[in-house]
Amino acid sequence: MVQELASHGYAAVTVAHQYDTYTEFPDGRVAVPLHDRQAPTLPGDFAADLRFVLDCVEQLAAGRNPDVDQRKLPSGLLGSLDPRGMGAFGWSKGGTATACATLADERILAGLSLDGPMQMNPPLAGYLDRPFMMMSAAFTRATDTEAAAFWSHLRGWRLNIQAQGAVHISYGDNEALFPQVAKLYGWSGQQLQDVIGTLDPDQAVSIQQAYPLAFFDEHLRHHRGHLLDGPSPAFPAVTFLP
């Protein structure tokens, strides 16, 4: 997904959330996931990380390097970032964090959640008048009260789509990686289906590439296409939820 956005000219900035993933620091230290309920790995913590990264993008756009070594910025970077046109997206807990950050920070002009559970603490307060899209799989509005509550707080442009046969990990690299793992380990078709669902992996990758790109093109670049208008024969698994 990040590669697809970057290949269309977006500056795609990713976040390695310490304690929740493997994180390499500038001095070579590597932090590993910490299975501790007290660790700052809740969606609100991720949202704070995201807003910190937005601060850093603004500094980079102004010609300052926010990194610890204060190194000289790469040639050509100055002028290539537009902090007035930033969007955000995340998968699972990252989708919830995207919702939290978008609610709290007007610098995020458009937000996208990839199957976020929307279990926010504290609960939602206020309404969101900027564009937001939800790509659902396991955490649908029909089955998840938090997702339904978040949807009811959206007062701007909004869209909720779902890929039939998708499971929670279907909106990520695992959809393409696990079929390769299955061959190496001799999994049965049912074993693989239990992990990645029934959505065709090639179709899943195409969906991950096409729909976020269309969303950000429309709301950050104001390049309106037709993919978000309704069902497409190119993506028969994608349904639009009213």
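Start by selecting methionine 118, which at 4% relative accessibility counts as buried, where buried stands for under 20% relative accessible area, exposed for over 50% and partly exposed for what lies in between (1.4 Å probe, protein chains only). This is a predicted model, in which local features need pLDDT of at least 70 and side-chain atom pairs count only at pLDDT 80 or more, while totals for chains, interfaces and linings use all residues. Residues are numbered from 1 along each chain as its sequence is written, and side-chain values use heavy atoms, with hydrogens and water left out.

Stay with methionine 118 and look at its backbone: phi is positive, about 60°, although the residue is not a glycine. Most residues other than glycine have a negative phi. Methionine 118 sits in the loop between S4 and S5; helices (H or I, at least four residues) and strands (E, at least two) are DSSP runs, numbered from the N terminus.

Histidine 222 belongs to the loop between H7 and strand S7 (238–240), and at 65% relative accessibility it counts as exposed.

**The cavity**

Return to methionine 118 and select with it Ser113, Asp115, Gly116, Met134, Met135, Ser136 and Phe139, which together line the largest cavity. A cavity is a set of points, on a 1 Å grid over the protein atoms alone, where a 1.4 Å probe fits but cannot get out, whereas a pocket is an open set with protein on both sides within 12 Å along at least five of seven lines; lining residues have an atom within 4 Å of a point. The largest cavity has a volume of about 30 Å³, a volume being the space filled by probe spheres set on the points, which are joined across faces, edges and corners. The structure holds one cavity of 30 Å³ or more. Strand S5 gives the most to the lining of the largest cavity, with three residues. Coloured by class, that lining shows four nonpolar, three polar and one charged residues; Ala, Val, Leu, Ile, Met, Phe, Trp, Tyr, Cys and Pro count as nonpolar, Asp, Glu, Lys and Arg as charged, and the others, Gly among them, as polar.

**The strands**

Next select strand S3 (residues 86–91), whose covered face consists of Met86, Ala88 and Gly90 and whose uncovered face consists of Gly87, Phe89 and Trp91. In a regular strand the side chains alternate between the two faces of the sheet.

S4 itself is mostly covered, with six of its seven residues buried. S4 also pairs with S5 in the parallel sense, over four bridges, and leucine 114 finds its bridge partner in methionine 135 of S5.

**The core**

Now select Met133, Met135, Ile207, Tyr211 and Phe216, the residues with the most contacts inside the largest nonpolar core, which has 29 residues. Such a core is a set of buried Ala, Val, Leu, Ile, Met, Phe, Trp, Tyr and Cys residues joined through side-chain atoms within 4.5 Å. S4, strand S5 (132–136), strand S6 (158–163) and helix H7 (201–220) each supply at least two residues of this core, and H7 gives the most, with nine residues.

**The second largest pocket**

Finally, turn to the second largest pocket, with a volume of about 870 Å³. Of the 29 residues that line this pocket, Thr14, Ala16, Phe52, Val53 and Cys56 are the closest to its centre. Helix H2 (43–61) and strand S1 (23–24) each supply at least two residues of the lining, and the largest share, seven residues, comes from H2. By class, the lining divides into 17 nonpolar, four polar and eight charged residues.

Conventions:
Two strands pair if DSSP finds at least two bridges between them.
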